[in-house]
Amino acid sequence: MSGLPPSGSLAPAQDVVRYKETIFGNGFDERSTFQGPPSPAVDHAWMKSYSFLNRVPESQAKLLPDPTVEIKGDPGHYVVTLEIFHSLHCLDELRKLVWPGHYGSFMERYNVSEDTAVEHQDHCVEALREALLCGSDITTHSWKYRPDGLHIVTSGMAKHSCRDFDAVKQWAVDHDMKVPWQPVGLQVHFE
């Protein structure tokens with residue numbers, strides 16, 4: 001141990017963190033609600049899975065390692081975003097790249113230049129890489145042959161020790177922004 005405090009110990013949502021065992025589907029034989037061609041159900045599942053902006057009281061904002069801004073129209077409350085929701089936003093944006101005929105390009109969706117779109121997408125790839133490395137899930141994947149006996153896929157039966165996403169999401173719902181807020185220049189998310 002390097003002497004650092006536990007990950008997120010200054011995070012306002014730290015008190016809701018608990019762990020549970022989760023078995024992931026392999027994404028091939030067992031598909032989740034988040035997979036597959038674009039549909040209202042898939043898009044709804046993704047949009048319900050993340051929240052961009054949350055509010056915390058000044059007393060919690062003062063404990064953050066990086067300063068944040070007060071919410072105009074909501075005195076004494078400051079804006080934050082939990083990394084998990086930023087990561088899910090980025091993953092959803094990359095998912096939409098798989099279906100350009102349905103979603104259009106990032107440039108079209110956000111009315112930005114090609115340079116801005118590429119910069120944002122590159123940012124998302126890096127943010128997800130860093131988040132994956134930060135979590136460093138060491139659960140072992142086993143493999144199985146497909147029915148053809150030639151190709152292998154992960155079995156998806158390993159138990160992962162995961163933070164309880166439902167508890168973290170409930171914290172976000174409970175701390176959702178109370179007033180509409182769209183700072184100038186903020187189209188997608190915080191850097």
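The following exercises, each with a worked solution, concern the predicted model shown above.

Residues are numbered from 1 along each chain as its sequence is written, and side-chain values use heavy atoms, with hydrogens and water left out. As the model is predicted, local features need pLDDT of at least 70 and side-chain atom pairs count only at pLDDT 80 or more, while totals for chains, interfaces and linings use all residues.

**Exercise 1. Overall architecture**

Determine how many helices and strands the protein has, and their pattern along the sequence.

Solution. Step 1: the elements are DSSP runs numbered from the N terminus, helices being H or I with at least four residues and strands E with at least two. Step 2: the protein has seven helices and six strands. Step 3: along the sequence they follow the pattern β-α-β-α-β-α-α-α-α-β-β-β-α.

**Exercise 2. Packing of H1 against H3**

Describe how helix H1 and helix H3 pack, and which residues meet.

Solution. Step 1: axes are lines fitted to C-alpha atoms, for helices over the stretch in contact, and angles run from 0 to 180 degrees between N-to-C directions. Step 2: H1 (residues 40–49) and H3 (residues 83–97) have axes 9 Å apart, at an angle of about 155°. Step 3: H1 and H3 are therefore roughly antiparallel, a term for angles over 145 degrees. Step 4: with contact meaning heavy atoms within 4.5 Å, Val42, Asp43, Trp46, Met47 and Ser49 of H1 meet Phe85, Leu88, Leu91, Asp92 and Arg95 of H3. Step 5: the residues of this contact divide into six nonpolar, one polar and three charged. Here Ala, Val, Leu, Ile, Met, Phe, Trp, Tyr, Cys and Pro count as nonpolar, Asp, Glu, Lys and Arg as charged, and the others, Gly among them, as polar.

**Exercise 3. Aromatic pairs**

Classify the pair of phenylalanine 34 and tryptophan 46, and the pair of phenylalanine 106 and tyrosine 110.

Solution. Step 1: rings of Phe, Tyr and Trp (its six-membered ring) pair if their centres lie within 6.5 Å; planes under 30 degrees apart count as stacked, over 60 as edge-to-face and the rest as tilted. Step 2: the whole structure holds three aromatic pairs. Step 3: phenylalanine 34 and tryptophan 46 are edge-to-face, at 5.3 Å centre to centre and 85° between the planes. Step 4: phenylalanine 34 lies in the loop between strand S1 (19–23) and H1, and tryptophan 46 in H1, so the pair ties together parts 12 residues apart in sequence. Step 5: phenylalanine 34 is partly exposed at 35% relative accessibility, whereas tryptophan 46 is buried at 7%. Step 6: phenylalanine 106 and tyrosine 110 are tilted, at 4.6 Å centre to centre and 40° between the planes. Step 7: both lie in helix H5 (residues 106–110), four residues apart, about one turn of the helix.

Key. Angles under 35 degrees count as roughly parallel, over 145 as roughly antiparallel, 65 to 115 as roughly perpendicular and the rest as oblique. Buried means under 20% relative accessible area, exposed over 50%, partly exposed in between (1.4 Å probe, protein chains only).
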